[in-house]
Amino acid sequence: MPDRPEIVCICGSTRFVDEMSAANRELTFAGVIVVAPGVFPGAGDHEADELLTEDRKTALGALHLRKIDLADRVLVVNPGGYVGESTSREIAYARAAGKPVSFTDPILSEP
């Protein structure tokens, strides 16, 4: 028996806020520690949109990589198979770190 619950980092486009929330809820109910994006620009959070400068966007991207470092594995939330540029970088980072990566939907093309 593990000494702590599994830690999963959710990755994916922030346009999929509802799908990420559902994945977070499902994993949490299963006893998993979830780390995920905390800011969802362009998803109706107008305050976040106003506060998101290029420097903040860069900092949030680096912060998400640290979340991947904490995780045992990565779950990519990719409705319809969509994987964008930022998510592709996160997948490559996770794989380079030896983290297993899984997807909620079949991917359109391998990142």
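**Close-up views of a predicted model**

View 1. Thr87 sits in helix H4; helices here are DSSP runs of H or I with at least four residues, numbered from the N terminus. This is a predicted model, where local features need pLDDT of at least 70 and side-chain atom pairs count only at pLDDT 80 or more, while totals for chains, interfaces and linings use all residues. Residues are numbered from 1 along each chain as its sequence is written, and side-chain values use heavy atoms, leaving out hydrogens and water. With a relative accessible area of 5%, Thr87 is buried (under 20%, using a 1.4 Å probe and protein chains only). Setting aside neighbours within four places in sequence, Thr87 is in contact with Gly12, Ser13 and Val76 (heavy atoms within 4.5 Å).

**View 2. Where H3 meets H4.** The axes of H3 (residues 54-70) and H4 (residues 85-96) come within 10 Å and cross at roughly 35 degrees; axes are lines fitted to C-alpha atoms over the stretch in contact, with angles from 0 to 180 degrees between N-to-C directions. On the H3 side, His64, Leu65, Arg66, Ile68 and Asp69 take part, meeting Glu90, Tyr93 and Ala94 of H4. By class, this contact has 4 nonpolar, 1 polar and 3 charged residues (Ala, Val, Leu, Ile, Met, Phe, Trp, Tyr, Cys and Pro count as nonpolar, Asp, Glu, Lys and Arg as charged, and the others, Gly among them, as polar).

**View 3. H3 and a pocket lining.** H3 gives the most to the lining of the largest pocket, with 9 residues. The lining divides into 9 nonpolar, 10 polar and 6 charged residues.

Definitions and conventions
Helix = DSSP H or I, 4+ residues; strand = E, 2+ residues; numbered from the N terminus. Buried < 20%, exposed > 50% of the residue type's maximum accessible area, 1.4 Å probe, protein only.
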